[in-house]
Amino acid sequence: MTVHAPAAAAAPMQTVWDEALLRRYDTSGPRYTSYPTALSFHDQFTPSDLTQALERSNASKRSLSLYVHVPFCRKICFYCACNKIATKNTALTEPYLARLDREMVLTARHLDTSRSVEQLHWGGGTPTFLSLNQMGDLIDRLDARFGLSSSSDRDYAIEIDPREADVFTLRHLESLGFNRISLGVQDLSPLVQKAINRIQPRVLTETLMEEAHRLGFRSLNLDLIYGLPFQTEKSFADTLRQVIELNPARLSVFNYAHMPERFAPQRRINADDLPGGEEKLAILRTTIEMLTAAGYVHIGMDHFARPDDSLAIAQREGSLQRNFQGYSSHAQCDLIGLGVSAISRIDDVYAQNPSDLASYAAALDQGQLATVRGVRLSDDDLIRRDVIERLMCDMGIDLAAVSQRWNIDAPRYFAPALERLQSAEQDGLLNRSGDQLSATPMGRLLIRHIAMAFDAHLSGQTGQRYSKIV
């Protein structure tokens, strides 16, 4: 495993708040869960390109990370931008599970399945849409095709909608080998919950958290969203106070991106009910101050963790990684995405399945992998991916280490990027000392902007809409 020297990762988040600076730099930009981003994927990339990458990856002996997408939801949350299918028809799940198994078989043919599966993540949609028996069946199929791990170091996580689960669900998941759960909360205000079509009393979340702690789940994450209808600094602070009392190991506090032209459910949200830019910045500031005061480490972007959590430890050790699920403590895994819309990161390629169920099913029914788009990275892409990932994870870059890893003169190689960052340095977002670049506390909030300076694909994506940085 390659361990990177940490830059400014462990610095306390003592922000000298500069609202004018945040506003000036609050443009749109990628979240860099991958580089190049998904906008660079193209449809000339074929299933054969993926199978060749799988075979190449065997020589590395890298551990595996499996992502399984379960797209079904019983109810639509109006803010949602995920790939999902709203239905109460549970009969859809059996044929979907059968096709997932077919995809596993076709994938495993090209893999050395003695490679350890260090990480497993079920996302959606709502993975708990599956019945307990179906969850057990899916785990059995994954184990049969790839060989799951019983190591105490494994990171096996599932996203849970507290409205769709109970203590028996958690007991079953624990028996299946899951050791980390993520609960969707978003906001505890009844007014906000009604506006986003997600009525979820605190007691549902609290009951599950108490049972998860009792069962010994290693890490528990809560998802919150700021920028939703009727939220104010005061109302969100009330949600945060309640969440801090619940004491989760991790928190994800996402910025709501209102894009009704792209995501149909968001058309049910009245834009006039959304907090304005000034209010959103106030919510963000209060969030950082309250969580920092409660002892959480601001990992970066929208993630917070207790100092003893594996995310915070990985950041201190310089081994934190970023992938399609956000930040990960398991560095250097090859990621295999299974299911509709899932993305794989294997060797030097990204490969994505179709976003609609019919196309996904049709490809697998013809006996081939469902890959419809992707990209193979050039040497330049690989170097820039490394730099952007270290920046997003460590909140800084050691250019001397980059030079050594890639056998380049990094300051010269990235001279245009460093020139683009001069204004950010002058504005106090970035400190440079020799070959060391480190984001200041304000720079950490705008880390996406700093990363964009190293993105060679961005200039060709004019007109593409990304979410706002803050």
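Hi everyone, let's start with charges: this structure holds 31 salt bridges. Do keep in mind that we're looking at a predicted model.

Let me take a few pairs in turn. In helix H4, residues 132-146, Asp-137 and Arg-141 sit 4 residues apart, so about one helical turn separates them. They form a salt bridge, with 2.9 Å between the closest N and O atoms. Asp-137 is partly exposed, at a relative accessible area of 25%.

Arg-202 is partly exposed at 23%, and Glu-206 is partly exposed at 25%.

Now, what about Glu-389 and Arg-345: buried or exposed? Glu-389 is buried, with a relative accessible area of 11%, and Arg-345 is buried as well, at 13%. Their salt bridge has its closest N and O atoms 3.7 Å apart. Glu-389 belongs to helix H12 (379-394) and Arg-345 to strand S14, so this pair ties together parts 44 residues apart in sequence.

There's also a network of salt bridges linking Arg-56, Arg-62, Arg-115, Asp-334, Asp-347, Asp-348 and Arg-376.

Let's move to helix H2, residues 47-57, whose buried residues are Leu-50, Thr-51, Ala-53, Leu-54 and Ser-57. Down the helix axis they fall within an arc of 160°, so they line one face of H2. Their cover includes helix H3 and strands S13, S14 and S15.

Finally, an unreviewed UniProt entry annotates residues 58-294 as "domain: Radical SAM core". That stretch is 39% helix and 19% strand, with its end C-alpha atoms 44 Å apart. Thanks, everyone!

How values were computed
Residues numbered from 1 in each chain as written. Predicted model: local features only at pLDDT ≥ 70, side-chain atom pairs only at ≥ 80, totals over all residues. Heavy atoms only, no water. Buried < 20%, exposed > 50% of the residue type's maximum accessible area, 1.4 Å probe, protein only. Helix = DSSP H or I, 4+ residues; strand = E, 2+ residues; numbered from the N terminus. Arc of directions from axis to C-beta. Contact = heavy atoms within 4.5 Å. UniProt positions renumbered as here; feature names shortened; annotations may be inferred. Salt bridge = Lys/Arg side-chain N within 4 Å of Asp/Glu carboxyl O.
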